[in-house]
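Me: Could you walk me through this one while I have it open? I'd like to begin with a sheet and then jump around a bit.

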Amino acid sequence: MISANLVRLITCTLCFYFLSAERAAAQSYKINTRSKIYAEEISKDSIVIKGDNDLFIPITMRIDFTAENLTGTFPTGLTAVIPAKTIGHPIRGFKKIKPEIPYKYSYASRTVLGDTSKTPDRTYLYAYPFANRWAYKISQWPGGRFSHKNQFAYDFAMPVGSPIAATREGIVALIKADSNTGGPDPSFIKDGNYICIYHSDGTIANYLHLDTNGALVREGDYVKKGQLIAYSGNTGYSTGPHLHFEITQPVLSETKKTVTFAWELPSYNLLSNFPKEAYPENIKFRNSLLVKLYGP
């Protein structure tokens, strides 16, 4: 029971469940240090559940209650969206049923980055995640057997230090750029550098395996489509230098949800699996990786 004028912080578990190495590396958000839920007593017989969000984009919380001697229903999986940069966002209030009897309650929560109520815009055409005069070999396609099974994601084989551009305009939600470690073993998952960009339709673009200190933007920045945002690397769980790129939809389930999307340029511009002699003279190769020049 909460004593008068006492704000009691409720310990809650902020869980993320990712089934792939890339997802785990891209969204080990550490939002438990930047968001929370808690109960505040507003009178001797009533409380209100509130949420804080110190991130630059919304978060969605699923809260499961058990309670005694409190009014209201306690739905399984109450969902609350906490706006960006918000303190004390009210989620639900409760009152005692019998004033003479103490009330009890407990709850657990799961939190994800983004607003799960939004619907992805399937008509949007994405730019490639590099300058428009370059193209790189795709080392793994959507549905790839190594780490893309049941995922719509691309791996672009890039030398370390290759420039990465935003595929769509949005807000930089999260960044990790301090790692200089990586290798072909799951133990390196936590060491992957990444940038996550939140789009207007609620989807999130994840750019993974970035170079050490390779981020050129900051959390909270609004970036334009085609803007240079980072340099590629080989950090985290990786078998070689590359960029892993995916679009995800925030969901409160244990399974991540990648979003199918289309590139704004024809797929042949990716220049993936043809012999060198099949290309015109404006094709150059560097370190056995395919590069196409659209300009000088």
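Me: Which strands form the open sheet, and in what order?
Reply: Three strands make up the open sheet, in the order 5-4-7, and their pairing is antiparallel. Strands here are DSSP runs (E, at least two residues) and helices are runs of H or I with at least four residues, both numbered from the N terminus, and two strands pair if DSSP finds at least two bridges between them.

Me: Why is one side of strand 5 and of strand 7 left without a neighbour in the sheet?
Reply: Strand 5 (78–82) and strand 7 (104–113) stand at the edges and have a single partner strand each, so one side of each lacks a neighbour in the sheet. From one strand to the next the twist averages 30 degrees, with axes fitted as lines to C-alpha atoms and angles running from 0 to 180 degrees between N-to-C directions.

Me: How many bridges join strand 4 to strand 5?
Reply: Five bridges join strand 4 (residues 59–68) to strand 5, and the two run antiparallel; Arg62 stands opposite Thr79 in strand 5.

Me: Before I go on, what am I looking at, and how is it numbered?
Reply: This is a predicted model, in which local features need pLDDT of at least 70 and side-chain atom pairs count only at pLDDT 80 or more, while totals for chains, interfaces and linings use all residues. Residues are numbered from 1 along each chain as its sequence is written, and side-chain values use heavy atoms, with hydrogens and water left out.

Me: OK, new topic: where is Asn234 found?
Reply: Asn234 is in the loop between strand 18 (228–232) and strand 19 (236–237). Asn234 is partly exposed, with a relative accessible area of 29%, where buried means under 20%, exposed over 50% and partly exposed in between (1.4 Å probe, protein chains only).

Me: What does its side chain make a polar contact with?
Reply: The side chain of Asn234 makes a polar contact with that of Ser238 at 2.6 Å; such a contact is a pair of N or O atoms within 3.5 Å, and within protein one must be able to donate a hydrogen and the other to accept it, while residues adjacent in sequence count only if both atoms are side-chain atoms. Leaving aside neighbours within four places in sequence, Asn234 is in contact (heavy atoms within 4.5 Å) with residues including His209 and Pro241.
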